[in-house]
Amino acid sequence: MDRSRSSAAVASTLAAAALALALGALPGAADAADAGPDPAVFKARRARLVKVLGGKGLTVLYGKDRIGDGDKQSANFWYLTGVDDEGAALVLAPEERAPADREMLFLRPVDPEADRWTGERPPLGADLRARVGFEKVYRSARLGGVVSDLATRASTLAFLGPVAGFDAPVPRELSVLRDVSARVPGIGLKPYYYAVDDLRAVKEPLEIAMMRAAIRHTAAGHDAAAAAIRPGVREYEVKDLLEAAFRKDGARRLAFPSIVGSGPNSTILHYPDDTRAMAAGELVVVDIGAEHEGYAADITRTFPVNGHFEGEAKRVYEVVLAAQEAAMKKVRPGAFISDVHDAATKVIADAGYGDYFIHGCCHFVGLDVHDAGDRSKPLQPGMVLTVEPGIYIPAKGIGVRIEDEMLVTKSGAEHLTSMLPRAPADVERWMASGRSAPVPTSH
């Protein structure tokens, strides 16, 4: 794209082109990305999971007990149900059961006193069943009895996880299944720890549409940051502006707490604060991600505070960019994440900065920003991962990270976040194009 276009034009392009072009190949995908998946999508996923369990397993999966104040529904539960209700539970029964009895949703009881504070919850009935896509919806008080009854007709109790540490509480799912196995003679308890993770690792076309929308929101935030960064501006001012851009573009929440680290803070990977004023000659690492219908984006850009890369900071930036380019070329079906990481590591080490690359190059992205996926297995079409090399030199206050998302395709990979500049000259033009806009200050 033309890097010299105005900031407003860049934002317009991101908003119009990202979905119109990237999602246009999927009939109705743009509308679906805005409206969210149909309940039939989740029903199909549950059916695939039952097949993975051999059609004979009985399993229980709980949602989060509390959702709010930045929390969200557990990813596995959302992936299988699309239900955001706290305290919910899913039961999947063997295929030999009647279709209506193979999957059941359990919701917490209505509490009229609590509902006066948090809003009235819908009663069980046809409207609710249609909305959630389950023919059988019960209150959670019935779960134990229903599972015990189903267990008498199942051959296996399937534990999906999570796997807990020795000192951690026993997961509720495991506790329920153990209690059932103690009461139903002859039924076994079998682990399927990664059954849902393996399904989630390969994204469906609709999931990719959701992720493209999250990328669009995040790109709007980076555009706001590029326009705002300059000497004297505080980190929190940039953070406030970019998060406002997320919301204006349609994002309802952050995928993770935004990171805006300038100068010495650019060398802190997960820098949590945001009060420092930026100074000329420094770099700013902006690691941000918006969320769309539960799906995360994760994109990092490093900006020069005065609008120009100079000296060793420019040299370090160029090494990181070269490392990223080398790593991106390794993303393809059959490759391993270790292949991608090793390609980036070699470029950085050959440049003399090997001791300053202190983290992994890649992670999967999806419903979680660090998403489900087995790093020891080869990449498959439909997987989405980051490529994010970095160099951090605390003694010099130089930190650089460039992070993009890649979709593994049948023939190679698609650079999902290519709309955002990376080359030094392009970043400089990008920043210059938006600097005519005033930046509100409070200091």
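**Cysteines first**

I looked for disulfides (pairs of cysteine sulfur atoms within 2.5 Å) and the count came to zero. C361 is in no disulfide, as its nearest cysteine sulfur, that of C362, is 3.6 Å away. A reminder to myself: a disulfide is a covalent bond between the sulfur atoms of two cysteines.

I noted that this is a predicted model, where local features need pLDDT of at least 70, side-chain atom pairs count only at pLDDT 80 or more, and totals for chains, interfaces and linings use all residues. Residues are numbered from 1 along each chain as its sequence is written, and side-chain values use heavy atoms, with hydrogens and water left out.

Are these cysteines buried or exposed? For this I used relative accessible area: buried is under 20%, exposed over 50%, partly exposed in between (1.4 Å probe, protein chains only). C361 is buried at 1%, and C362 is buried at 6%.

**Then helix α13**

Helices here are DSSP runs of H or I with at least four residues, and strands are runs of E with at least two, numbered from the N terminus. I found I337, V340, A343, A344 and I348 buried in α13. Seen down the axis, the buried residues fall within an arc of 135° (taken from the directions from the helix axis to the C-beta atoms), so they line one face of α13. On the face turned away from that buried side, I found K346 and D350 exposed. Just after α13, G352 takes a positive phi of about 90°.
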